[in-house]
Amino acid sequence: MNIKAALAKASYKVIQGNPDMEVEDVVYDSRKAGPGCVFVCMVGAVTDSHRFFDQVISQGCSAFVIERPLNEEQLKSLPENVTVLQAEHSRQALALLSAARFDYPAKRMICIGVTGTKGKTTATYMIKAILERDGKKAGLIGTAGAVIGDNTYPTRNTTPESYELHQYFAQMVKEGCDYMIMEVSSQGLKMHRVDGIEFDYAIFTNISLDHVGPNEHESFKEYLYYKSQLFNQCKVGILNRDDPHFEEVLNHIRKENTRLYTYGLETEADFKAKEIQYVSKPDFVGLDFQVQSLLEAKPFPVRVNIPGKFNVSNAMAAVCVCCFLNIPRKQMNHALEHLYVNGRMEIVYSSKRCTVLVDYAHNAVSMESLLLTLRDYHPKRLVCVFGCGGNRSKDRRYSMGEIGGKLADLCILTADNSRDERV
């Protein structure tokens with residue numbers, strides 16, 4: 001790939017050498033750097049790879065993208081054949097170089113991005129299920145990993161680093177996928193991991209106080225800002241009109257290049273869920289509702305086999321995008337009625353005595369919504385087993401404990417993923 005061509009939309013200056021050069025690969029891990037590659041130096045939460053600059057030169061790397069200026073000693077010792085570019089955002093440069101490295105695979109698929117505090121995973125799996133029910137091939141990237149064909153690849157982040165993203169996209173194209181569906185996190189947007197990707201459809205599910213703290217976002221204002229930025233790189237935006245922060249999100253969107261539509265349960269919207277009914281049977285626990293769409297005169301029925309009114313909202317997000325994709329209503333309904341989402345209101349055991357569900361509610365808002373939902377089904381006793389992950393805001397622990405104490409009949413606290421914290 002040609003570095004100059006790949007970075008055509010990036011802001012950078014040439015420190016030394018000629019960017020109009022061909023390289024075979026782009027690398028951001030110093031251990032993998034060598035001849036024929038461009039090494040991108042980045043400042044991370046734990047490691048600043050600029051400090052490996054001299055080491056990577058000794059490994060034969062002939063092109064670099066940096067973000068921090070080199071010191072005088074490094075400038076003097078630079079070999080003449082080494083090209084160095086200083087980018088305004090080296091992570092953006094990595095994203096653009098990575099897309100070029102894999103020959104822009106995202107452009108060969110219909111790309112669907114979903115962002116929000118809650119519901120991203122469920123909505124993406126709903127969309128995937130509907131598309132596959134209609135005979136389409138779709139790849140998925142999110143909290144549960146990268147799902148391509150029959151294989152699932154574990155990922156460290158909800159939105160992986162840009163190089164891995166484009167590597168997965170390339171694999172999807174190779175496997176014959178026509179659609180790519182992914183969860184787009186606020187961190188992914190802040191860290192430029194999806195820069196350069198034009199999404200055909202982008203969905204906003206909701207936003208609430210979360211991911212504010214060390215190594216995440218400085219404030220809720222910043223969190224909301226980055227969530228909204230997905231809609232400045234999409235063709236069609238679909239937003240939850242019921243969310244209290246809808247107008248704030250809307251204010252950050254440049255409307256001239258994006259067609260915007262809304263869905264909702266409580267407020268007037270382009271797509272609205274009506275006549276919502278809770279359904280509880282021995283072989284089915286979920287909801288029935290009608291969808292009133294701006295695309296057709298008569299409402300059409302939908303049945304979802306996951307409990308909770310908030311899953312009506314998640315289903316509406318999926319239904320909206322699939323309406324624009326002209327998926328038959330019969331296929332939509334069948335897919336949602338037989339949906340399976342690992343760890344999302346998942347029934348793992350059922351008998352006459354009790355039902356056990358697993359859900360990945362990891363903050364107070366999600367936990368409250370979950371427990372209130374289960375109360376709607378009038379259980380004789382509601383027992384909640386939960387823990388809190390390490391290296392995240394400690395406020396979650398207090399608020400989740402408070403919610404559990406109010407809404408469950410019995411709470412059992414256990415260890416979650418402690419990460420680097422001592423248990």
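Mentor: Contact means heavy atoms within 4.5 Å, and helices (H or I, at least four residues) and strands (E, at least two) are DSSP runs, numbered from the N terminus. This is a predicted model, where local features need pLDDT of at least 70 and side-chain atom pairs count only at pLDDT 80 or more, while totals for chains, interfaces and linings use all residues. Residues are numbered from 1 along each chain as its sequence is written, and side-chain values use heavy atoms, with hydrogens and water left out.

Trainee: How far apart are the end C-alpha atoms of helix H6?

Mentor: H6 covers residues 162-174, which is 13 residues. The expected span is 1.5 Å times one less than the number of residues, so H6 should span 18 Å. The model agrees, with its end C-alpha atoms apart by 18 Å.

Trainee: Is serine 62 buried or exposed?

Mentor: Serine 62 sits in the loop between helix H2 (53-58) and strand S4 (63-66). Beyond its neighbours within four places in sequence, serine 62 is in contact with Met21, Cys37, Asn81, Val82 and Thr83. Buried means under 20% relative accessible area, exposed over 50%, partly exposed in between (1.4 Å probe, protein chains only). At a relative accessible area of 18%, serine 62 is therefore buried.
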